[in-house]
Amino acid sequence: MGLFDKLLSKEAQDKIRSTVKSAAQLAEEKLKETAETLQDKQSSMRSDQSQSAYSPSQVAKDNGETYTVSPDSAPRLIKKHCEPIIPFEGAVKSSVSRKKTCEYIEDLISLNLPGVTVKRGANISSDKYPGKKFVPVDLVLMKDSKPVLAVIVCNKNQYRLYGVINTMNACEEKGLPAIRFFKEFENKPSYVIGRIKTVARI
């Protein structure tokens, strides 16, 4: 260090020390700023999660209902359709974009299920759930003039909303099987038609 000190003037040494100190302070400020940003993001994420469709309290609030902490506070499906699905490999593809999921599924039905017609936007309600929220059924499949399947098309983060569950339960109570398709999923023709045929038994 002595030789180094001799080679550099006092002014140069002071400048180096000042630069190093400034760089250290800047780095420290950046670290603090990054830490604060991360904390803000984590807080925001926690807030978003508590406000998401998966939050029972938020779902209840959105539906004008009171949330109480108990296992039975949110409605549950009275019938889950977990039947093994046999893909319908010969399914004719639709020319409708999968982004327009309702139209896409309706077109698949018309192309692959002769004798089945579709009603759009049916309203289903039930006396069992007075004052509860319902959503329109996107597609009701009809065979021989009788309803055989209700289809609700929703986003993957909306499938547990009270309105969706209440509507599906109301359909099942009327003897009408109800299923959901998610807009974000691929919904291959073989899967869509295979699932419809399995649940509707057509």
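Reply: The structure holds three aromatic pairs. This is a predicted model, so local features need pLDDT of at least 70 and side-chain atom pairs count only at pLDDT 80 or more, while totals for chains, interfaces and linings use all residues. Residues are numbered from 1 along each chain as its sequence is written, and side-chain values use heavy atoms, with hydrogens and water left out.

A pair of aromatic rings is described by the distance of the centres and the angle of the planes. Rings of Phe, Tyr and Trp (its six-membered ring) pair if their centres lie within 6.5 Å; planes under 30 degrees apart are stacked, over 60 edge-to-face, and the rest tilted.

Take Tyr159 and Phe182. Their pair is edge-to-face, at 5.6 Å centre to centre and 65° between the planes. This pair links distant parts of the chain, 23 residues apart. Tyr159 lies in the loop between strand 3 and helix 5 (162-173), and Phe182 lies in strand 4 (residues 178-182). Helices (H or I, at least four residues) and strands (E, at least two) are DSSP runs, numbered from the N terminus.

Now the cover. Tyr159 is partly exposed, at 27% relative accessible area. Phe182 is buried, at 17%. Buried means under 20% relative accessible area, exposed over 50%, and partly exposed in between (1.4 Å probe, protein chains only).

Phe182 also pairs with Phe185. The centres are 5.1 Å apart and the planes stand at 85°, so this pair is edge-to-face too. Phe185 is partly exposed, at 45%.

Another ring meets a charge. The charged end of Arg195 sits over the ring of Phe181, 5.2 Å from its centre. The test is NZ of Lys or CZ of Arg within 6 Å of the ring centre and within 35 degrees of the ring normal.

Next, the strands. Strand 1 (residues 116-122) pairs with strand 2 in the antiparallel sense over six bridges; pairing takes at least two DSSP bridges. Thr117 stands opposite Met142 in strand 2. Strand 2 (residues 137-143) is mostly covered, with five of its seven residues buried. Strand 2 and strand 3 (residues 146-154) run antiparallel, joined by five bridges. Lys143 faces Lys146 in strand 3. Two residues lie between the strands of this hairpin, where Asp144 takes a positive phi near 55°.
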